[in-house]
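Please look over the sequence and the model first, then read the points by topic.

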Amino acid sequence: MDVTATPPPPTDEASLRTFGYRQELHRSMGRYASFAAGFSFISVLTTVFQFFAIGYSFGGPAFFWTWPIVLAGQLLVALCFAELAARYPISGSIYQWSTRLSTPAFGWFAGWIMILGQIVVVAAAALALQVVLPSIWPGFQLVGGDPAPTTATGAANAAVLGLILLALTTAVNVIDNRVLARVNSIGVTTEIIGAVLIIVLLFTHAENGAGVTFSTGGQGGAIGALLVGSFTAAYVLIGFDSAGELSEETRNPRRVAPRTILTALTAAGLLGGLIIFAGLLAAPSLTDGRLATEGLSYVLTSSLGDWVGKLLLADVVVAIAVATMAIQTAATRMLFSMARDGVVPFSGALSRVSPRTGMPTGPALVTGGLAAAILLLNFASPEAFLAIGTTCIVLLYLAYAMVTGPLLVQRLRGAWRGGAPAGTAEDGTPLFSMGRWGLPVNALAFCYGLAMTVNLAWPRAEVYAPITGHWFFQWFTLLFLAAVVTLGLIYRRLRLTGVAGGRLPVANTGQA
């Protein structure tokens, strides 16, 4: 009789040590908290309300059909990320994955672009308060004048409200890991309930038939208009990788993170698509111009009545606050992960974790401060709103491609064993795998990501500088990206020669 004892599987902490790191962040998050991290970054109520007007103004009602196309493309990317999250459950996911799939230098640039993109996303999310709060109560227009974000007074007020929100989210990101997870989970639950209520109520107040979604309207030719109309979905359906960012704070992350990456994106995609569809059906008018300027806030208050509409808009405010907090959390973990490897300025201070709270205080303060500095651009011109929003999304799409691209190279070389149907971790845990579908899914994900990056960054004057035609805002995204790459090259040449690899493995380490 065989009485040999089976050794217990290694703990999450022991698994982390195999990557060369010790457990410093508090591992207290369960499956729902992990799901909430990805869902709150996407935050359909925040971004759909923030960018609906842009999609409608260019694509007309037919911009709705760009939503399922973008969702399908992002699901391809999410499937690749799910495989990686199962094999590398480490904070700083994009940076860590890209480094291990390619070279330390390439991975560093992926992390550098991602962290800057996340910080700009934090600023863009905070600006969303302007789309909602003045519609609830005119007193929230602290800077007197027109509350529309495209006006000088609206843009300035958006910056003021955003600065107040950033002070609050930074405080929560410093207090305690458990408080952060609790606030995030409650906020996401509130957002999901609010989203379902909005969908049901708008469907019961429909004034248009489903056929309106085949009307392009908007500006320019049909194809060009829909390419710009796709910006709404592109802006919304990002950040699902946040579940991977919080892997070191999640229990059993190899199992949990891949599932929550996919469920967060799927849930947000379905809810967001239904909100847009219901909003188009319930709109009192498709031609009076208010959908292209006031967006869904106009639909809610006009169709559901002032009291109900404002109550639901209050739920959107909660979603915006939680989304800003969650995005800042993801940026904080990315900066912490890179600092821990000694590959960013002031790494010693930025890699410290409070033993009491389990929170990296330095990165939280830096991300909050830099996001606040970006908000100041809104005082300069209302056109900064769209420039900021587009720039952050382009940076994130590019960083995603810097993961799916090297992963595709690994597959083509036959060096990626992650596609094996029977792939397991060192403790025998079955790992998420696409099996034989991995190669075609990966190839499509990479091509989609590059195509959307080009579409978003294309310097269209009618999109990025419609008021003044100023060349700076028209080319802002490309100029910002060039500055990011240039600064990265300078910094690496001066400070990181021979250091960028930190304690990470060198190229071609794509094995599970």
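Cys80 is buried, at a relative accessible area of 0%; buried means under 20% relative accessible area, exposed over 50%, and partly exposed in between (1.4 Å probe, protein chains only). This is a predicted model: local features need pLDDT of at least 70, side-chain atom pairs count only at pLDDT 80 or more, and totals for chains, interfaces and linings use all residues. Residues are numbered from 1 along each chain as its sequence is written, and side-chain values use heavy atoms, with hydrogens and water left out.

**Cysteines**
- The whole structure has zero disulfides, a disulfide being a pair of cysteine sulfur atoms within 2.5 Å.
- For Cys80, the closest cysteine sulfur is in Cys447, 11 Å away, so the two are too far apart for a bond.
- Cys392 also counts as buried, at 2% relative accessibility.

**Nonpolar core**
- The largest nonpolar core holds 151 residues. Such a core is a set of buried Ala, Val, Leu, Ile, Met, Phe, Trp, Tyr and Cys residues joined through side-chain atoms within 4.5 Å.
- Phe81 and Ile94 have the most contacts inside this core.
- Beyond its neighbours within four places in sequence, Ile94 is in contact (heavy atoms within 4.5 Å) with residues including Phe81, Met114, Asp241 and Tyr400.

- Helices (H or I, at least four residues) are DSSP runs, numbered from the N terminus.
- Helix α6 spans 35 Å from its first C-alpha to its last, close to the 34 Å expected at 1.5 Å a residue. The expected span is 1.5 Å times one less than the number of residues.
- Of the 24 residues in α6, 22 are buried, so the helix is largely enclosed by the rest of the structure.
- Gly449 sits in helix α20 (residues 438–457) and is buried at 8% relative accessibility.
- Tyr397 is 52 residues from Gly449 in sequence, yet their C-alpha atoms are 6.1 Å apart.

**Salt bridges**
- The count is eight salt bridges, each a side-chain nitrogen of Lys or Arg within 4 Å of a carboxyl oxygen of Asp or Glu.
- Glu83 pairs with Arg411, with the closest N and O atoms 2.5 Å apart. This pair links helix α4 (residues 66–87) to helix α19 (residues 384–413), across 328 residues.
- Arg340 bridges to Glu248 at 2.7 Å between the closest N and O atoms. Arg340 is buried at 9%, and Glu248 at 0%.
- Glu249 and Arg333 form a salt bridge at 2.7 Å, N to O. Glu249 and Arg333 are both buried.

How values were computed. Helices (H or I, at least four residues) and strands (E, at least two) are DSSP runs, numbered from the N terminus.
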